[in-house]
Amino acid sequence: MLRFILLTGLYLLGAWYAVAFIHGPEQVTLFWPSSGIAYAAVLRYGWRSALFIPVAMLIAHLTFVPAPAAFIPFSVMSNLCGVLAGALTVSLTDTPMRITMASGFGMLRGALVMVTVSGLVGCTGLIWSGMMGLDDWWPALAKWSMGDLLGVVSIAPSMLILTAGPATNPDTPRSRDYSSAREKTAWLIALVLSFATVYWSGNRGSLYALAMVALPLSLLLWSAIRFQPIWTILSTSLVVLYLTSLTGLGLAGFTPPTQPLDSAMLLGFMCLISLIPLVLVAAMFQQRMATRKVLRRAMTDASTGLPNRAAFEDAAMQALSRPGGSRALAYLDLDHFTLINDTASHAAGDALIHGVASLLKARVSDGDRVFRIGGDEFALLLEGDPTRIEPRMQDLLRAIENYRVGWRDHVLNITGSIGLVAFEHGQLEFARLLSLADAACFTAKELGGNRVCLASQEPGETQERTESMRWAVRIREALDGGLFELDCQAIVPLHGQAVTGRCFEVLLRMRDPVSGQRLAPGHFIPAAERFQLGVALDRHVVELALGWLEARPDATAQVDSCAINLTAASLVDEGFRQFLFERVRDSRIPAHKLCFEVTETSAVRDLARAQVLIGQMRSLGCAFSLDDFGTGFCSFNYLHRLDVDYFKIDGSFVRDLESSPLSTAVVRAITDIAHVLNKQTVAEHTEDESICSVLRELGVDFAQGFGIHKPQPIEQYFAQPPDLRLP
């Protein structure tokens, strides 16, 4: 009822304004704003809302629009039938109520049908009631239709945008996509001045005063390009009302049109003033929507609908620079997610990721934001006290642990690890913030997963983790830049065994690109193993060693045994096993000259795969050595299943031989067991002649260490004559 009363009142106001243009009972009004009000109302609220039109028309005819009784039914029906015909046209073409070119032209098409029907019915009523003769039919029809059309194109868009609900399309431009308030203020002042200029020009009696209309029109175009659509649409209605008032009512020296042709030209001109800014504003709005759509797609993860890593980086930097209270970054990584992909399928993994993403969106508080920044990694920007955020994250992990996804014959579940960093405005840079969170998350996973690890911004454990990450980056750069080099350390017999050439172990060094320093493995191997770079390093070492020897046949001829270390990861990597087999098989270096060293612990950790690799390489003629032997004493049960040639006694026992009876007993036991199994022993870290003597007494077969030979770059090592005996 309230809407009915309001629409009726607006319609009557438009009719009252239009009556001012009529100077005689036989005339047709120049401008009918009520047509735009009625058209917009029926498009917005449906055909049932059209009931206010006949009511308003009857009230108008009974009060301030006197007309013969015979004409009143035609007047009422012309307005009602025209609006219904136009709305039906829009409905049949499925034109949506949007600010687009297609919607605009669809509604214009309906408006043309509306004004045609209204004009036909109304002008027929004028003739029927005797208000005009048949000779005036065509001029009256043109003026009636053009007046209705001007009312539609100038008033209906304002009505539609004022009655529109809040925007729900995520691609709708935001206020920040438009110009500033300062520019809008300047524009408003310019619009008022343009109105004053047009009025002043008309008062001076200039023949070209109407040319000043270009001023408000240019301002409408400025608004269409720079401002929100509502500014242009409302200001277009205002400009048309102002200009038609001046020209139609003869204000400020302007002369009202008296001839039908003059009226038609004036109305056509006013329609163009209305349509041009509306077309431009629709085009600009569509362009901004398209831009936001492209931006949204670029900033959104397609699988989960969450903002992606690019959006996270932007939001995180804004949070770091925005003043306010305490905030936190939670870096969430799902534990052992690859098992889901490997056992159930990648589609099952995608379903689980989608479910976890929905869970995260549902569990975060107002003001918090969730991002998917990697395959199984999420980031949460959180607002609030850090002491309260940590329990919330623990609750979140419990929710993830309890979450289940049904997938065919499987019920999928998973856990997560969170690295949490509290921060305030201006406290950290983005790179440092992300590094701390990532390191804390990695620590949580190393501790078993399904837990929250709070990062510390003080030096200590967190610094150690980030330093390890930096080493991982340096390793990748060194692999790409060819910064790894080889050293050789001699291995010599302790009992004068027959050795026909050089026995040595290949040792890896990394060249620092800045200082030129050659870094020992202790600097980078722990990081390589921690971040799964061991296989890549092993491939590189094998290529370096075999490539160097293949390029120097004379050096290869001097080799009796070249020992190359393999990391634990390479033992269980199928791709590396295939690579190593094919590389050695196709090499010009005889396979019996190569000995691969694997640690005792890594060999027994996955005994079956270790046996496969050892068996394949031994089939080519390669030898094997168990490195660091003795540190995993329980592995004695597996020795008969590992087909190796050497036990390399761990240096911690060798160094303490002269001072520790336990070390002496361990070395003796290892040597005895090796000889029983028809294998030989090598003592690492042999530092001096006295230790050599003890080793010789215990029956150890070979020795290696600084007391025998200090590692040298491979070129220097082969440049010197081989020394096959102890110094």
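Me: At what angle do helix α1 and helix α3 pack, and how far apart are their axes?
Reply: α1 (residues 2-19) and α3 (residues 52-63) pack at about 45°, with axes 9 Å apart. Helices here are DSSP runs (H or I, at least four residues), and axes are lines fitted to C-alpha atoms over the stretch in contact, with angles from 0 to 180 degrees between N-to-C directions. This is a predicted model, so local features need pLDDT of at least 70 and side-chain atom pairs 80 or more, while totals for chains, interfaces and linings use all residues. Residues are numbered from 1 along each chain as its sequence is written, and side-chain values use heavy atoms, leaving out hydrogens and water.

Me: What makes α1 oblique to α3?
Reply: Under 35 degrees counts as roughly parallel, over 145 as roughly antiparallel, 65 to 115 as roughly perpendicular, and the rest as oblique. The α1/α3 angle is about 45°, so α1 is oblique to α3.

Me: Which residues of α1 meet α3?
Reply: On the α1 side they're F4, L7, T8, Y11 and L12, and they meet F52, I53, V55, A56, M57, I59 and A60 in α3 (contact means heavy atoms within 4.5 Å). By class, that's 11 nonpolar, one polar and no charged residues.

Me: And why is α3 called roughly antiparallel to α4?
Reply: The axes of α3 and α4 (residues 72-92) cross at roughly 150° and come within 9 Å. That angle makes α3 roughly antiparallel to α4. On the α3 side, I53, P54, M57, L58 and H61 make the contact, and on the α4 side I72, S75, V76, N79, L80 and V83. The class count here is eight nonpolar, three polar and no charged residues.

Me: How do you know whether S663 is buried or exposed?
Reply: Buried means under 20% relative accessible area, exposed over 50%, and partly exposed in between (1.4 Å probe, protein chains only). S663 has 6%, so it is buried. S663 lies in helix α25 (residues 661-676). Leaving aside residues up to four places away in sequence, S663 touches S652, F653, D656 and L657.

Me: Which residues have the most contacts inside the largest nonpolar core?
Reply: They're L580, V584, F596, M617, L626, L695 and F718, in a core of 80 residues. Helix α18 (residues 534-550) gives the most to this core, with eight residues. Not counting residues up to four places away in sequence, L695 touches L494, V654, L657, V667, A683, T686 and V700. There's also a second, separate core of 60 residues, with Y39, V213, L267 and C271 among them.

Note on methods: Helices (H or I, at least four residues) and strands (E, at least two) are DSSP runs, numbered from the N terminus. Ala, Val, Leu, Ile, Met, Phe, Trp, Tyr, Cys and Pro count as nonpolar, Asp, Glu, Lys and Arg as charged, and the others, Gly among them, as polar. A nonpolar core is a set of buried Ala, Val, Leu, Ile, Met, Phe, Trp, Tyr and Cys residues joined through side-chain atoms within 4.5 Å.
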